[in-house]
Amino acid sequence: LFKQPESSYLGDCPICCLPLPLDPKKSVSYFCCSKVICNGCNIANVSREYKQKLNIRCPFCRHLYAKSEEENERRRKKRFEANDPFALREVGRKHFD
């Protein structure tokens, strides 16, 4: 009855600790902390902040949501310079495309 699903190769959501879905459209990447959050936790966070009339923040590190692509790029570069594996992969993916 209480058996948890097996973990995926993508790891677990850092909020709910359930395995991340294999479909990349069912999860969200945040560049402020380089975490991948499942859509369920992301939607719950955004709806809570919307109902309470708060600014939208990252559900993991609580940084304000980036309002522009330039701000996202600045955060991505900061994580890249810190040798964060997720940021390194994203920068490589961006240059490959």
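Which element gives the largest share of the lining of the largest pocket?

A: Happy to. Please keep in mind that this is a predicted model, where local features need pLDDT of at least 70, side-chain atom pairs count only at pLDDT 80 or more, and totals for chains, interfaces and linings use all residues. Residues are numbered from 1 along each chain as its sequence is written, and side-chain values use heavy atoms, with hydrogens and water left out.

Helix 3 gives the largest share of the lining, four residues. The pocket holds about 290 Å³ of space. A pocket here is an open set of points on a 1 Å grid over the protein atoms alone, where a 1.4 Å probe fits, with protein on both sides within 12 Å along at least five of seven lines; lining residues have an atom within 4 Å of a point. Grid points are joined across faces, edges and corners, and the volume is the space filled by probe spheres set on them. Of the 13 lining residues, Pro24, Ser27, Ser29, Val36 and Arg89 are the closest to the centre. Strand 1 (27–30) and helix 3 (85–96) are the elements that give two or more residues to this lining; helices (H or I, at least four residues) and strands (E, at least two) are DSSP runs, numbered from the N terminus. By class, the lining has eight nonpolar, two polar and three charged residues. In this scheme Ala, Val, Leu, Ile, Met, Phe, Trp, Tyr, Cys and Pro are nonpolar, Asp, Glu, Lys and Arg charged, and the others, Gly among them, polar.

Now for Ser34, in the loop between strand 1 and strand 2 (35–38). Ser34 counts as buried because its relative accessibility is 11%; buried means under 20% relative accessible area, exposed over 50%, and partly exposed in between (1.4 Å probe, protein chains only). Leaving out residues up to four places away in sequence, Ser34 touches Arg79, Asp84, Phe86 and Ala87, where contact means heavy atoms within 4.5 Å. With Arg79 there is also a side-chain to side-chain polar contact at 3.4 Å (a pair of N or O atoms within 3.5 Å; within protein, one must be able to donate a hydrogen and the other to accept it, and residues adjacent in sequence count only if both atoms are side-chain atoms).

Finally, the loop between helix 1 (39–51) and helix 2 (69–81) holds Lys53. Lys53 has a positive phi of about 60° although it is not a glycine, and it is exposed, with a relative accessible area of 76%.
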